[in-house]
Each structure stands twice: as structure tokens, then as C-alpha cells.
Amino acid sequence: MSAMNRRNFLRNGALTAAAFTILPRNVLGGTNYVAPSDQINMGIIGCGAQGRWTLGPQFARRANLIAASDCESRRLQDMQRIIDEETVKAKGKAYSGFKQYADYRELLARKDIDAVIIATPDFWHAIMTIEACRAGKDVFVEKPMSHSIEEGRLMADAVAKYGRVLQVGNMQRSWKNFRHACELVRNGYIGQIREIKVSVGPPPTPYDLPAQPVPSTLNWESWIGPAPMNPFNEELAPPMERRVFPNWRNYREYGGGMICDWGAHMYDIAQWAMGMDDSGPIEFTPPDDQELRPLTMRYANGTLMTHEHGFRKSDGNIVRFIGEDGVIDISRSILETMPEKLKNQEIGDNEIKLYRSDDHYNDFLDAIKTRRQPISTVEIGHRTASLCHIINLCYEFKRKLVWNPEKEEFFLDREANRRRSNPVREPYKMEV
């Protein structure tokens, strides 16, 4: 090869190599390709229905889900099977080092895990989140974020103290129609909001189920954890063969009823639309059966909001914004506006545009990499959950509650202030 040809060959080869190194990653490895250096190692705590059917598969497609923890061995084994299948679909092969843990603290102790998914019953969320933050993990926690008002504040304190990223599973904020409805409200397209109707199910009831034998594969002490000890019943932790979501959420000791379960979604949208992510209503008035008045809340600006289950019976859980110039109904299945043209209204560049996330799970992973705040932060989750907790207290006490969102305390109500927290069973501690 002549000197001139050799120089041209080397030059062209170098240019080809340089061009190859700056090709987009989706060209190198397909649309699902993620460079190894960009992949995040995750563990999941809680392998029940939500963990196995939703969160495990979602994150297995987007990150390295390398460990799981649960107090029920069959669910834990089934989680690994599901994660292996989803990882093969997304990346061509399963992760060979997947580990199962009966004790979630062993999972948190691993230095190679960057973030954890907490998909347990509500009463475990705070302790696990605080311990995860202390262990240097970022957190994706299911909604409702907390099981009490004070738990939510402690979770927010832990995120701040340890410099972590936390995303709450209020994924409706990452859905286009919900964002559009909230932008219409924020920009005044239906005028000043006079009333918001929210249709979700009822509050919880005290636990009253009969005792049943504890399955041999379930550690009941670990399932109960910091919550009040009661006899096992499969409504709390159903066998996998039933293919249902468990009903622990319907009992006050373990969940917040549908007020928290679905309210954490729908009241979250009301808060977002009203620009109240750092606040909330100041008065809560229980229903009046004689006047057929629903439970009513009032914001400081005078806007009323109600819990009015079934005002649109065919559409389930829904939010209705009633303004001086129009009405917006929004749910997972509909977006209806009056005037009708607002449904397709373009929001201009000089108008209020809310945080846009088109994928709730990727939004969390991006926040881990950039250390920015995700779409549903710990403070947002805390304020939404607090609103739901206060509604439940209002139903329980059957009296008006006056709430100070800045101080996070009730006005001249010792019993209500005491119930901002729940008792924690020994030896568990709620400490940041």
C-alpha cells in the first residue's frame, strides 16, 4: 500500500469510527436500548398484586430489577418469575444474580442497589421509606404515600435530610388528559372555580374479620410489622390463586379505605388543578343526612370541594370542576368539557403549562440520573395523602375540622391532633 493510500485508509477509518461512536443509542441497540452505564439497579419490596402485576414488570423493562423482598415466599418466587420474563423481553436475557429476601433490611443493605420500589400495604410505607433514604436509596413508593399525616411529614423530612429522590405512584399526573384538564382549570378556561366534586368510594371501617389459620408460606408477624396485631384473615393477604387486589385497604388499622386508595389519585388531580400542591383545604364538614349534603371541604379562597360518591354512576372515580363559565369532567375513561371545544384547546406558550411527564416510571429514573425533582414529589404525595386522612377523620368524628395547612395542625381539637399519627408497635420506630 502506497503512503498516500495508507493515509487515506487510516483517515477514512478514523472518520467512520468517529461517526459510529456518535450514533444515537436507539440506532445501536433498537428503541429499547439503554447503555449499561445508564442502567439503574433496583430492588422491589412488596410482591403482592400491585408489585407483581404493575410495578415489577414496569421497572424490569426500564432498569435492572435485581432483587425482591416479601414475607410470603410464594409471592416472592412468583415475582422472580415475572421479572425474569419481562427482563428477557426487554433485554434478551434474564439477570443471573437475582436475589430473594424475606427481610427487606437485607435488600436495603446492598451497596449495589440504587433505588427501591415500595409496594407494600400503606402502614409499611413510612418506615421503609425512611430506612431506604438512610441507606442511600432513592424511592418509588406506592400511593397513598402515607398511613397518617405525621408519617408523611417524616417521609418528607427523610428525603430532605438524606438528599434522596422520591416519586409517588400518582401516575395520573403522567397522563395527557389529566394534565390537559388541569391546565384548562389553571388558565381560567372555565372561569373561577366555584366547586369541585370528587367521586371515590367510602372511608375505612375498623377491622372485624374472623381468625383463619395462617398459611405456612406467610410470616404473619412480618406482614403486620408496625401496625396493630390482629388475627390473620385472607381478605388481608389473599392467596395468589384468587387473582384479586387484597382488602387490607378497607380496614382502618391497615389502610384508608377508598378515600385514600382512589382519593390519592382523584384528590391529587384536584390539588394539581387548584395549584395547591403545597397546601390544601382549611375546613372539612361532615355530611348531613337530613339535608343530603355530602362531606364538604373549603379552600382558603372560598372554593368548595365535596366527596360525593357516584354522582356519575357509570363513570366510577371522577373529578368534576365547576367554574363560572363551564364544567370539566375528568376520569381515566373520559374527558368532557363544557364548552365542548375546550377538550381540544391548545395551551399557548405564554400560558401556564404544567410539568409534562409522558411516562411515570421513566420520569423517576430520569430524576435519579439528573437529581431533579420528579412529577410527583414527596411533598405532593404528603399533601394529597393528608387531605385524604383528614376526610377519613371527619367521617369518623362526625364533626367539623378546621385545618391549618402551614402548621399542619387542627384548630382547638386535641383528639384530631392526636390522630395525626398512628400508634407504632414495638420494636418498630418511626425516626428520621
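Author: Contact here means heavy atoms within 4.5 Å. With that in hand, and leaving aside its neighbours within four places in sequence, T217 is in contact with C71, E72, S73 and R74. This is a predicted model, in which local features need pLDDT of at least 70 and side-chain atom pairs count only at pLDDT 80 or more, while totals for chains, interfaces and linings use all residues. Residues are numbered from 1 along each chain as its sequence is written, and side-chain values use heavy atoms, with hydrogens and water left out.

T217 is found in the loop between β7 (193–199) and α9 (220–224), where helices (H or I, at least four residues) and strands (E, at least two) are DSSP runs numbered from the N terminus. The side chain of T217 makes a polar contact with the side chain of E72 at 2.5 Å; a polar contact is a pair of N or O atoms within 3.5 Å, and within protein one must be able to donate a hydrogen and the other to accept it, while residues adjacent in sequence count only if both atoms are side-chain atoms. T217 counts as partly exposed because its relative accessibility is 25%, given that buried means under 20% relative accessible area, exposed over 50%, and partly exposed in between (1.4 Å probe, protein chains only). From C-alpha to C-alpha, T217 and E409 are 42 Å apart in space, and 192 residues apart in sequence.

Now to the charged pairs. Side chains of opposite charge can pair when their charged atoms come close. A salt bridge is a side-chain nitrogen of Lys or Arg within 4 Å of a carboxyl oxygen of Asp or Glu, and a search of the whole structure finds 37 salt bridges.

One of them joins the side chains of D112 and R110, at 2.8 Å from N to O; here D112 is partly exposed at 34% relative accessibility, whereas R110 is buried, with a relative accessible area of 14%. Another is formed by D329 with R320, whose closest N and O atoms are 2.8 Å apart, and in this pair D329 is buried at 4%, while R320 is partly exposed at 21%.

The side chains of R419 and E396 also meet in a salt bridge, at 2.8 Å from N to O. This pair links distant parts of the chain, 23 residues apart, with R419 in the segment after α14 (414–418) and E396 in helix α13 (residues 378–397). Finally, R52, D78, R81 and E85 are linked in a network of salt bridges.
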